[in-house]
Amino acid sequence: MTEPSQPTLRDGDVVLRPWRDDDIDVARHQHDEVMAQWSGFPGVVPGHAQQAGAVGRWREGYADGRRVVGFVVERAGEVAGSVEVRRVRPGVGELSWTLYAGHRGVGTGRRAIRLLIAYCFSDLGLDRVEAHVDPANLASLRLASRSGLRREGIVRGHGSRGGERRDEVLLGRLSGDAAPEDPSGFRALLNAALPTKRVIAQGLLRDRGGRVLLCELTYKPDWDLPGGVVEVGESPVEGVEREVGEELRIDVAARSLLAVDWLPPWAGWDDACLFVFDLGVVDASASEAMVLEPREIAAVHWCTPEQVAERTREPTAARIAEAVRGAGRADSGSDGRGAVFLHGGQAYSAFRPE
């Protein structure tokens, strides 16, 4: 079946149209170092034959069941860049784009990509469009988001640049997604693109002699307070109570918040925020009734301050010491001060003096 003629798409003075032969030299002479950097081109300005070959492949792709569709981007009559969609799976197209110097950061790309996405859903019958962007290409990531593509994750080793495999950010949009200018669509775009932070919740459980319960862990040599990573949609209070219940098979109720600590990246872990809650005071014999989760907990120990310092990493020991002081103030009622904020176990004033 003969494909319909490639259309011209318009959004005011931004136009997507088929490539013409007289676009070849106009386009190739606008290539610059920015395009070469992110596209992996061997040189900055391609030769006439190289650019003509790309135009020929776009035309062949369109004729072959619209397997590939490439458009010139014009703004106010000037050639401003190009956009492309390539069918990669049934119902799925992969987008790519490039903008020439002088046409970046002025809204041309956003309007062009939105035109292309609308064409993909209305004319090509696609259910999903996606794009892969180098994580370091912040301008292209922002453009993709403003064009209605939601950030979905990192695809490791998907791309190649300079002969090396590189990770890429996967962004996508479904035909049923709310438009980016719709309030719900805009919130979804922000929610997908905003950074997330790992949250850890731990509990300070003391015996009547003032010792602290530490867990001897199966997956690292240093000991730590009971607790763990807070799940999605779970509050830190719920998280510490669930984690202690799962790890030690005891019921606890988080009392006051004693400390909040920012943990910098360490040993392959991303950074995190850690909340330490007061779990109260119990008889030392309470540890005898604990049923330990064998995959994580090898043993539990009631530890003096000296033993805490000996068995934990220095930031952990400092954090526990701050939590113990806060719990002592709460027990005595001598100080109404709330939780202390720490930075890798250090008091705030230690790394940000007045």
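Ala, Val, Leu, Ile, Met, Phe, Trp, Tyr, Cys and Pro count as nonpolar, Asp, Glu, Lys and Arg as charged, and the others, Gly among them, as polar. This is a predicted model: local features need pLDDT of at least 70, side-chain atom pairs count only at pLDDT 80 or more, and totals for chains, interfaces and linings use all residues. Residues are numbered from 1 along each chain as its sequence is written, and side-chain values use heavy atoms, with hydrogens and water left out.

View 1. A pocket is an open set of points on a 1 Å grid over the protein atoms alone, where a 1.4 Å probe fits, with protein on both sides within 12 Å along at least five of seven lines. Lining residues have an atom within 4 Å of a point. Two or more lining residues come from each of β9 (198–207), β10 (212–217), β11 (227–229), β13 (272–282) and α9 (314–332). Helices (H or I, at least four residues) and strands (E, at least two) are DSSP runs, numbered from the N terminus. By type, the lining has 16 nonpolar, five polar and 10 charged residues.

**View 2. The largest pocket.** Its volume is about 1,700 Å³. Of its 50 lining residues, Trp38, Ser39, Ser96, Trp97 and Thr98 are the closest to the centre. The lining splits into 18 nonpolar, 19 polar and 13 charged residues.

**View 3. An open sheet of eight strands.** The order is β1-β2-β3-β4-β5-β6-β8-β7, with mixed pairing. Two strands pair if DSSP finds at least two bridges between them. At the edges are β1 (9–11) and β7 (150–161), each pairing on one side only. Neighbouring strands are turned by 25° against each other on average, direction ignored. The axes are lines fitted to C-alpha atoms.

**View 4. Strands β2 and β3.** Residues 14–17 form β2, and residues 68–75 form β3. The two strands pair in the antiparallel sense over four bridges. Val15 stands opposite Glu74 in β3.

**View 5. Arg66, in the loop between α3 (48–63) and β3.** Arg66 is not a glycine, yet has a positive phi of about 55°.

**View 6. Arg249, in the loop between α7 (236–248) and β12 (257–263).** Arg249 has a positive phi of about 55°, although it is not a glycine.

Notes:
Grid points are joined across faces, edges and corners, and a volume is the space filled by probe spheres set on the points. Axes are lines fitted to C-alpha atoms, for helices over the stretch in contact, and angles run from 0 to 180 degrees between N-to-C directions.
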